Amino acid sequence: MSDEGLECVPVRDEADIVVARQRGRTLAEHAGFRGTDSTIIATVISELARNIVDYASRGELCYGLEQGSTSAIIIVARDSGPGIEDLATAMTDGYSTGGGLGLGLPGVRRLMDEFEIESSPGKGTVVWTRKVLRS
Amino acid sequence: MSVPILKQGDFLLASVQSALSDTDLLTLRDELVERVGRFRSTGVIIDVTPLDVMDSFATRNLRMIAHMTRLRGAETVIVGIQPEVAFSMVQLGLTLEGVATALDLEEGLELLKSKSATRFDYE
Amino acid sequence: MAQASVGEAMGTSDELRKELVEHFRKVREPLRIRWVELMTEKGLLPGLSTEEIETESLTIYDTCVNCLATGSYEDAEAYAARMASRGVLQSMSAEQILGGMLTLRDVYGRSLFERYRDDMSKLFLALDMYEPVANQILAIVALAFIQEREKVVRVQQEAIRELSTPVLPLRASGLLLLPIIGMIDSQRARQLTEQLLGGIREYRAKVVVLDITGVPVVDSKVANHLVQTVEASRLMGATVIVSGLSPEIAQTLVTIGVDLSRLTTVVDLEAGVEVADRLLGYRLNKLDLPSPAHIQSERRPE
């Protein structure tokens with residue numbers, strides 16, 4: 001997971017959540033995402049940023065755009081917080097119940113086209129997601 | 001930026017702005033609860049039409065508002081959730097369970113009136 | 001005749017290539033005519049004019065020989081791309097395209113047999129050189145054909161998708177009908193949901209009857225898509241009644257752990273509309289008249 005070409009927004013408090021969300025939405029719309037997709041992206045950013053504020057106290061939300069024959073947006077949430085001990089439970093998809101541990105991660109995975117997470121106690125968390133622009 | 005709350009007879013109407021911060025929402029919660037008590041309102045409508053994102057925090061607190069106002073004798077209806085927002089919410093598992101919803105202000109008022117009518121019958 | 005050594009054979013492969021190319025160019029007219037003859041016999045050329053047949057067959061023949069001469073397949077790929085963009089591949093059948101190419105391959109091959117029938121070892125060398133080229137060209141054409149077919153299928157699927165999820169407003173006040181026909185996959189479920197939510201807003205619907213009688217497979221994935229659609233609709237103030245979910249399937253879903261409690265289900269469309277009417281405060285009164293029967297509806301307050 002390299003960082004080239006990613007623009008990052010620091011996330012420390014709830015005001016940063018709004019900034020991160022708006023920045024992400026602007027970039028998404030610039031890449032051509034509209035309507036539901038644009039809302040989905042903003043919602044995902046909001047949830048990921050909120051997790052950072054609630055559990056890690058500081059981190060960052062990074063964005064990247066892929067443009068070409070297919071366009072896509074990359075959203076990475078990174079923090080050096082306590083890390084998730086039980087990743088399996090955190091990623092349990094309970095469909096309508098919002099998933100395990102209240103982190104909304106299964107939902108994020110469902111909303112995005114690609115999703116990867118690295119987290120362990122003491123090492124912080126990195127969530128990498130990607131959404132492709134549908135024509 | 002605080003959320004304006006209007007009194008319409010027995011009901012309170014709150015219209016949210018699109019840039020709703022966490023603090024705004026918490027303030028709204030406290031103010032609604034206070035006014036429901038003060039005016040003995042029987043209904044609250046929260047219009048979220050301009051909201052382009054509804055995340056877990058907003059959902060949690062809207063449910064809390066509905067719960068707390070109900071304890072004081074008022075029914076809360078959330079109106080104006082947009083299609084894209086509804087879709088994203090459900091995908092994330094945020095269902096606003098236990099909270100009444102309606103399409104818009106007009107429908108919300110109608111719903112509150114019919115609920116009040118029913119309540120009145122039983123009193 | 002002594003068999004040429006491998007070393008000698010390798011050294012003369014360029015010469016052999018030149019020889020083959022020269023041969024094919026020399027016998028171009030007779031071979032091409034033979035090819036067209038065979039294709040006509042097999043019925044592969046209906047609907048093409050004589051000029052078209054002549055032009056196309058010349059082009060294809062020359063393209064193949066060029067590939068043999070240069071060792072590069074650019075010409076063949078360019079030709080296949082041109083055919084694709086002209087829509088030729090879409091309007092012709094697999095039989096015509098592949099059959100035509102296979103026939104040409106045979107015609108070239110037979111010609112080599114004839115030419116080298118007195119020199120078996122040379123024949124084998126010639127075939128070794130020729131066959132991979134012929135096969136590669138065939139593969140290029142076949143691939144182009146398949147890709148065009150897949151494009152058509154995708155376009156048709158999209159059209160079917162659009163046609164098969166109409167959102168129908170029923171009555172003036174707030175009832176939407178959404179009959180679904182065909183399989184529901186994730187993409188369709190999403191499209192369906194977006195259409196429905198848009199319809200709820202546009203028609204100010206308070207009740208939706210979502211009929212899945214025409215959905216052949218209802219598994220846990222489909223059931224969960226339905227639940228999500230229902231919940232998203234509820235957030236917009238609309239109640240969704242799912243009709244056409246057979247009791248047996250419902251039972252099966254519950255048994256495998258799907259939570260259907262969030263769904264209001266009825267047996268069929270008619271029952272669904274009935275329930276919807278009740279929710280909206282309508283009652284249908286059938287008047288007993290000699291003929292024809294009249295159905296009158298009046299709004300009753302709840």
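**Helix 2 of chain B and its surroundings**

Let's start inside chain B. The buried residues of helix 2 of chain B pack against helix 2 of chain A, and also against helix 1 (22–39), strand 3 (43–47), strand 4 (75–79) and helix 3 of chain B. Buried means that 20 or more other C-beta atoms lie within 10 Å of the residue's own; exposed means 12 or fewer, partly exposed is in between, and C-beta atoms are placed from the backbone. Helices (H or I, at least four residues) and strands (E, at least two) are DSSP runs, numbered from the N terminus.

A word on the source. This is a predicted model: local features need pLDDT of at least 70, side-chain atom pairs count only at pLDDT 80 or more, and totals for chains, interfaces and linings use all residues. Residues are numbered from 1 along each chain as its sequence is written, while chains are lettered from A and ligands numbered from 1 in the order in which they are written.

Back to the helix. Which residues of helix 2 of chain B are buried? They are Ser56(B), Ala58(B), Thr59(B), Leu62(B), Ile65(B), Ala66(B) and Thr69(B). Now its length. After the helix comes Gly73(B), with a positive phi near 90 degrees.

Next, the interfaces. Chain B puts 17 residues in contact with 22 residues of chain A. Contact means C-beta atoms, placed from the backbone, within 7 Å. On this side of chain B, helix 2 (56–71) and helix 3 each supply at least two residues. Helix 3 gives the most, with five. By class, this side has seven nonpolar, six polar and four charged residues. Ala, Val, Leu, Ile, Met, Phe, Trp, Tyr, Cys and Pro count as nonpolar, Asp, Glu, Lys and Arg as charged, and the others, Gly among them, as polar.

Turn to chain C. Here 12 residues of chain B are in contact with 14 of chain C. Helix 3 (83–91) and strand 5 (100–102) of chain B each give two or more residues to this side. Helix 3 gives the most, with five residues. The classes are nine nonpolar, two polar and one charged.

Now the cores. A nonpolar core is a set of buried Ala, Val, Leu, Ile, Met, Phe, Trp, Tyr and Cys residues joined through C-beta atoms within 7 Å. The largest has 98 residues, and Ala49(A), Ala86(B) and Val208(C) have the most contacts inside it. Helix 2 of chain A brings the largest share, nine residues. What does Ala86(B) touch, not counting residues up to four places away in sequence? Ile81(B), Leu197(C), Ala232(C), Leu235(C) and Met236(C). A second, separate core of 30 residues includes Val36(C), Ile97(C), Met101(C) and Ala144(C).

One backbone point. Most residues other than glycine have a negative phi. Ser57(A) has a positive one, about 65 degrees. Ser57(A) sits in the loop between helix 2 (35–56) and strand 2 (59–66) of chain A. It counts as partly exposed because it has 14 C-beta neighbours inside 10 Å.

Last, confidence. pLDDT is the predictor's confidence in each residue, from 0 to 100. Chain A has a mean of 84, and 88% of its residues reach 70 or more. Over residues 95–100 of chain A, pLDDT stays under 50. Where pLDDT is low, the predicted coordinates should not be read in detail.

Methods:
Contact = placed C-beta atoms within 7 Å.
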